[in-house]
Amino acid sequence: MTQQTATEAIATIGIDLGKTTFHLIGMDARGRIVLRRKVSRGQLLPCLANVPACLIGMEACAGAHHVGRQLAALGHDVHLLPAQYVKPFLKGHKNDYRDAEAIAEAAQRPTMRPVPLKSAEQLDLQALHRVRQRLIGQRTAVINQIRGFLLECGVPVRKGPAGLREALPTLLAHRTDVLSPRMIHLIEDLAGDWRHLEERIETLTRDITALARQDGGCRRLMGIPGVGVITASAMVAAVGTGAAFAKGRDFAAWLGLVPKQISTGNRTILGGLSKRGNRYLRTLFVSGAQVLLQHP
């Protein structure tokens, strides 16, 4: 089979993404491998621009959405697949070509639900949320470290960041009987880190709020009781319009807010929440529900 004939026969392409090089496996309509090629990042688009429109499968990993948008602009049908859905199709020892072959086979399955391609705006919003989440974790670590140092010196503080913020100036000024000058200086530095993190978190929150108010989907979601700016924008960043889900229960199952099913022998056995999917988004929804329950 000539190179041109092989290109025309391609029905499905599996791409194993890398940082600088990509491995391609092309299959015809019967599933036979007709293309096996290694290309650099700069060669990928020129290589696939000459291929007739076909189904292209890739794992949903770092950089996949950017490459997927470029390939979709060429007319290809791009499917991003979660890595755990591709693994059962891997045969023999693992290498890049076999990974690409497994991706191509998984992409052909009619019941395989792909990950929707994210737009550049969604990725920007998702990046803001991830940085904000990291800073919140760092702020919590600083607060816990201050509490630990004070407790080691025999100075307990009531629960909550507000209680620590209120008590800290008084403790540092008047508890010199148990706090050494070195410890006071160290806690003052940690308090400065705390203030700096608070300022960065507030700046990111303002940026997210501004983007959410400009987005029609976020504004509609914020009309739901318990859903605020952070939850609405995180949902839009994760699922876009939600067109990938046929009904609300499908979204709940993807998010991990349905009972885990362990049914067998014609018996329906339901356990606790499955807790699958996006943990950050699920945490926001649970927090919103708790607010509604505490303040109906």
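## The annotated C-terminal stretch

In this predicted model, residues 218–295 are 50% helix and 9% strand. UniProt, in an unreviewed entry, lists residues 218–295 as "domain: Transposase IS116/IS110/IS902 C-terminal". At position 218 sits a cysteine that is buried, with a relative accessible area of 0%.

## Cysteines without disulfides

How many disulfides does a search of the whole structure find? The search comes back with zero. A disulfide would need the two sulfur atoms within 2.5 Å. Cysteine 47 also counts as buried, at 13% relative accessibility.

## Helix α5 and its surroundings

Now to helix α5, which covers residues 96–107 and so has twelve residues. From first C-alpha to last, α5 reaches 17 Å, close to the 16 Å expected at 1.5 Å a residue. At the start of the helix, a side-chain oxygen of asparagine 95 comes to within 3.1 Å of the backbone nitrogen of tyrosine 97.

Which residues of α5 are buried? They are Asp99, Ala100, Glu101, Ala102, Ile103, Ala104, Ala106 and Ala107. For reading such a list, it is handy that an α-helix has 3.6 residues a turn, so residues three or four places apart point the same way. The buried residues of α5 pack against the strands β1 (12–16), β2 (21–27), β3 (33–40), β4 (55–59) and β5 (77–81), and also against helix α4 (83–86).

Methods: Residues numbered from 1 in each chain as written. Predicted model: local features only at pLDDT ≥ 70, side-chain atom pairs only at ≥ 80, totals over all residues. Heavy atoms only, no water. Buried < 20%, exposed > 50% of the residue type's maximum accessible area, 1.4 Å probe, protein only. Helix = DSSP H or I, 4+ residues; strand = E, 2+ residues; numbered from the N terminus. Expected span 1.5 Å × (residues − 1). Contact = heavy atoms within 4.5 Å. Polar contact = N/O pair within 3.5 Å; in protein donor to acceptor, adjacent residues only side chain to side chain. UniProt positions renumbered as here; feature names shortened; annotations may be inferred.
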